[in-house]
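Please read these points with the sequence and the model open beside you.

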Amino acid sequence: MNDRALYFPQSNLILRLPYLANKNADFNSNIKLLTLQTLRNDSTVPKEVKYHISSTYDKIVIFDEKTNTIWLRTLPKNNVSGTIIVQAKENGGDEAFLEIKIQPLPTRQNKINCADYVQDMCFWNSSRYRIYENQPATMLGSFAPEIYNDICPDFRVTKYELLNGTNYFHTINNILYANSSLDRDVLGPTGGPGPQVNIEIRCIVYEETTGKQHALIHILGVDILDQDDNPPIAQMDTVVEITLRDFTVGDRLDENNLMVKDADDINSNRYIVRILGDIHNALNITYDTIPIEHPKHPQNPASTAIFTRIYAKTTLLPKSPYRVILQVKDESLLPGYGENSVSCVYFSVTKLTLIKVGKEKDEGCEREGKEDKNEASSKSCGATCIISVSSTAIFIFIGIVGFLASWSYRLAVKSTHRECKHRVDDGSNGMGILPSDYIDRGDSLPISVDTFATVNRHLLPKTCPPDPKWEFPRSRLTIEQVLGEGEFGRVLRAKAIDIGGWLGPTTVAVKTLKEDACASELADLLSEYQLLKEAQHPNVIRLLGACTSPGGPVYLIIEFAEFGSLRNYLRRSRHLESEGKVLCLTSLLSTSPNNMREELQQVDTLSNYTITPRDILSFAWQISKGMAYLADIKVKFYPFINNHICF
């Protein structure tokens, strides 16, 4: 909308004009047709307005520039309607147009029967009135043309009376005025007339030759034009917390609830929607402005809805919680009508347990370098950047290892007081209830669910009902083989049907107890289950489901790290033999010829791939983020070594 729009408050005029067909259509003298008036939408009086008059027939009107009055000097020829176009333009400003149509009505009589034209004496045959809201008391225009004073001098309009709408309009003689401060955006007697109002007007005409009075009632429509006088209002909480699941570049992150409403018409506003505080350039925003209209109830004000959508520009958020501000700014809002609406949006993750690192090709340290505000303008990461970030990661790593070594010692002391007295204290190759790696059992044989059909059923507490959000039917879980086992538990490879939002079979890892586990081991496993339920982070192996219902063993179903431990991954990239028995990759455990061929191809691919310094930097960065998060949420975990990092 133009900040200073020029307009005619009265336009689209149609005049019916009778004349004697047997006489010349020229008048004895010029007859006053209309005095021109223009307004601005900002309540100021227009200055130096120039009018240009054109018509379909030359010289039917003349224009007095001193009084801004149009005079009719003759009628259109051949009984054809004539159109007069008035162009108004301010010096160097906006322009407006007014159209006047004249319809000649010839009569074959010797005298015009003025009683047939009382309606035309009182009102224009058609007229459009309009006024912007929030204006002072303003003249809109005349009810009727003054030309009938000359055509029918024995008839005189004596009175105009408003039958409704007196809260918003009033009359002076034959002129309609709008009261001050009309409100287009509110409908009702305590507010405003709304966007459109129909007013009833009674006109009294006195006929001097007979003494008769003629009373006519006519309905006039007035449009209340919109100004940008309403700030955008958030239709959600001013603080929104969004818990994110797995996402990738281009994924939508919001929950379709970021909507802002503006009580003004869509054409009255000029918006800017942006995200503030996104110092890592991790988010992208789009929005749509949609008109809210009421076709069946045009008297209801139209308004505007702004729907915003937030998308990921990276595969990971740089930190959690990641706080940004969504700002919807109405730049054309009039002064004194409120402030811009701002809503805060938090992107947060809850907890995590096991660290998971992914290979990030072509990401480099360009994105990670943006963590430093002072280096936000850097477009590449050179040797200095790599050395600096690597040194920081190593420093963090050493500090965490020291902390975890101390914690490991305390755990070792506690382990001497275990309640299960039948255990043999042999931890050289053991695996705890909370294993973070897979230990090769040695036989590599596929196994059936029946192998564990009776494991530890008696240990499941009756007061611990299954969680419907995470419970997974055992019938849709097929155990394939043992990946590893420790003193108290096993890690199995399995196929799960329709789990974690993935359709069809998905390879998963399953954590369970051995046949002779006692109640304390089961308590530890269930404690881990409660922790895993809240874990959610891109660098964390996450929980997919659990089998805790009566009638079978307890299974914790987690993501399967198909490429093995970080240590063996690095050794394979250097064409060295993998050390130890730590295996996350199950290629060497498969006995199916088809699976063996496919998985050996994966091993060959990994063996032929050269890891670059950029990859190493990416691994270190992801490990640091995962470990920092673990420290933030104070999760207790076992000593941290590179065998705890899986792909």
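1. A disulfide is here a pair of cysteine sulfur atoms within 2.5 Å. With -75° about the S-S bond, the link between Cys 122 and Cys 203 is left-handed. The sulfur atoms of this pair are 2.1 Å apart. Cys 122 sits in helix H1 and Cys 203 in strand E15 (residues 196–207), 81 residues apart, so distant parts of the chain are linked. Helices (H or I, at least four residues) and strands (E, at least two) are DSSP runs, numbered from the N terminus.

2. The model is predicted: local features need pLDDT of at least 70, side-chain atom pairs count only at pLDDT 80 or more, and totals for chains, interfaces and linings use all residues. Residues are numbered from 1 along each chain as its sequence is written, and side-chain values use heavy atoms, with hydrogens and water left out.

3. How many disulfides does the structure hold? There are two. Besides the pair already described, Cys 114 and Cys 152 are joined, with sulfur atoms 1.9 Å apart. The torsion about their S-S bond is about -90°, so this disulfide is left-handed. Cys 114 lies in the loop between strand E9 (95–107) and helix H1 (118–122), and Cys 152 in the loop between helix H2 (148–151) and strand E12 (155–162), so the pair ties together parts 38 residues apart in sequence.

4. For the whole protein, the count is seven helices and 31 strands. Of its 647 residues, 46% count as buried. A contact means heavy atoms within 4.5 Å; among contacts between residues at least 6 apart in sequence, 73% join residues at least 24 apart.

5. A nonpolar core is a set of buried Ala, Val, Leu, Ile, Met, Phe, Trp, Tyr and Cys residues joined through side-chain atoms within 4.5 Å. The largest one has 64 residues, and Ile 131, Phe 169, Ile 199 and Val 222 touch the most other members. Another core, of 23 residues, lies apart from it and includes Ala 234, Leu 244, Ala 282 and Leu 317. Leaving out residues up to four places away in sequence, Ile 131 has among its contacts Tyr 7, Leu 39, Ala 178, Leu 182 and Val 222.

6. Helix H4 (residues 519–534) has 16 residues, which at 1.5 Å a residue should span 22 Å; its end C-alpha atoms are 23 Å apart, which agrees. The expected span is 1.5 Å times one less than the number of residues. Among the buried residues of H4 are Leu 522, Leu 525, Tyr 529 and Leu 532. Seen down the axis, the buried residues fall within an arc of 155°, so they line one face of the helix; the arc is that of the directions from the helix axis to the C-beta atoms. Their cover includes strand E28 (502–513), strand E30 (543–547) and strand E31 (555–559).

7. Glu 331 is found in the loop between strand E23 (322–330) and strand E24 (341–348). Glu 331 is partly exposed, with a relative accessible area of 41%. Not counting residues up to four places away in sequence, Glu 331 touches Arg 270 and Ile 272.

8. Cys 547 has a relative accessible area of 0%, so Cys 547 is buried.

Notes. Buried means under 20% relative accessible area, exposed over 50%, partly exposed in between (1.4 Å probe, protein chains only).
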